[in-house]
Amino acid sequence: MFWDKEWETLSRAELEQWQLRRLRSTVQHVARHVPFYQQKCAERGLGARAILSLKDIRRLPFTTREDLRATYPFGLLAVDRADVIRLHTSSGTTGKPKAMFFSKKDVAGAADLIARCLVMTGVGRGDVLQNMMTYGLFTGALVMHYGAEKVGLMVIPAGPGNSERQCLLMQDFRTTVFHTTPSYALYLAQFLKERGIDPRRDLSLRKAYIGAEPYSDETRRKIESALGVKVYNSYGLSEMNGPGVAFECEHQQGMHLWEDHFLIEIVDPATGNPVPDGEEGEMVLTTLRREAMPILRYRTRDITSVIRTPCPCGRTHRRIRRITGRADDMLIVRGVNLYPQQIERVLMSLPAVGHSYQIHLEGLDELIVKVELADASFDGRVEHLVNLQREIVERLRADLLVKPRVELLPPGSLPVSEGKAKRVFDKRIL
Ligand code: DLL
């Protein structure tokens, strides 16, 4: 099923022609209205005819997170303030937030992309979407909300947390799809289990849209089997509208990135040079349709690669693989490079492991993995605990070449955050 078949199945040649046209007009638009880009283009000697082919994108400057912070609040605005109808911000862990502006056309465009995503997964009128992302300055809930309404789903703007109420809403209004983070989905699964609610028997859930945090295929499988739903990976970032940038179709082999709205490059995170076709690197995105705040070559810091084979669904927009980590999240422990997600993958493949974990780095270079158990009854059987602890240590050592200390905790011991989960606590004395 398609929301906009013509655009979703455009031939590659037509798509690229369109991209070139849009890239040119985006560059002209920012060169005219955004002093930050005027200066950057002038430094590079780029005039109005700088972009002759898509490859010329490499001549354009990168935009980084730091640029967004440095130009906060209005520095990258490309339209009159009166033409902005919505503001979102993204709070970093430190310093100033990043401000993102939407014109009327931008809000409609973002909703349209979500509509494509939802219809692509086989939902439509009659479906009930429980939106458990945070409403507010975060893009996660509102952008999804507008897109789902456009398709005609009934949207329950539940927001995050309050699991008791989430359950009631699911039961009373027969929720068929929900939208949340992987950490909350796992928490909810545990919550339902503790209350004796069997999702397959007692609820009407069919599908879940899971994103806003990195997660592994093992976590996807855990959510699917615990909640009896098909999980679709949803990728996006506030700087590029929020959710709806890339989404899985029913084949679930990578996420289609809407290439008529975003131009994708994969670069070496250290040098910024393009990596060979199909190889892994940092994703760089350029907006092609945004009006209020276009962004050139945004360094997402997200590590992925482009799938080169066509998708059986018939969409021509290329797919990206699951994000394997953020360039900034890489940990170096005793000289070994590792991403938190590699630890997550090992943990979530073990049925005895519950929904939550934390990674602590302490002292000089000590790695401690705190793991919640799936089942409280596990407590009593000491030999099981010892075996499980040993198994986790061994698996991590074999996969990652690091030997952590593993602490097993009863279910529900680790805090649950309403927004994105914090997994890594680095308190090393370096
Ligand atoms: O998290 C937008 C979003 C909302 C996406 C809801 C999907 C669903 P930010 O707060 O700006 O925006 O965070 C963006 O989150 O650069 C990735 O590092 C990470 N991220 C988002 N989706 C995924 C995903 C929203 N499916 C940052 N897999 C991005 C891995 C993801 N990482």
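I looked up Ile368 and found it opposite Arg405 in β20. The model is predicted, with local features needing pLDDT of at least 70 and side-chain atom pairs pLDDT 80 or more, while totals for chains, interfaces and linings use all residues. Residues are numbered from 1 along each chain as its sequence is written, and side-chain values use heavy atoms, without hydrogens and water.

Next I checked the strands (DSSP runs of E, at least two residues; helices are runs of H or I, at least four; both are numbered from the N terminus). Strand β19, residues 366–373, runs parallel to β20 and is joined to it by 5 bridges; pairing takes at least two DSSP bridges.

I then traced the open sheet: its 4 strands follow the order β20-β19-β18-β21, with mixed pairing. β20 (405–409) and β21 (424–426) are the edge strands, each with a single partner, so one side of each has no neighbour in the sheet. From one strand to the next the twist averages 20 degrees.

Tyr72 and Pro73 are joined by a cis peptide bond, with omega about 0 degrees. Pro73 sits in the loop between α4 (65–70) and β1 (84–90).

Asn162 has a positive phi, near 45 degrees, and lies in the loop between β4 (154–156) and α7 (163–172). Ala212 also has a positive phi, near 80 degrees, in the loop between β6 (207–211) and α10 (217–227). I noted these because most residues other than glycine have a negative phi, and most peptide bonds are trans.

How values were computed: Axes are lines fitted to C-alpha atoms, for helices over the stretch in contact, and angles run from 0 to 180 degrees between N-to-C directions.
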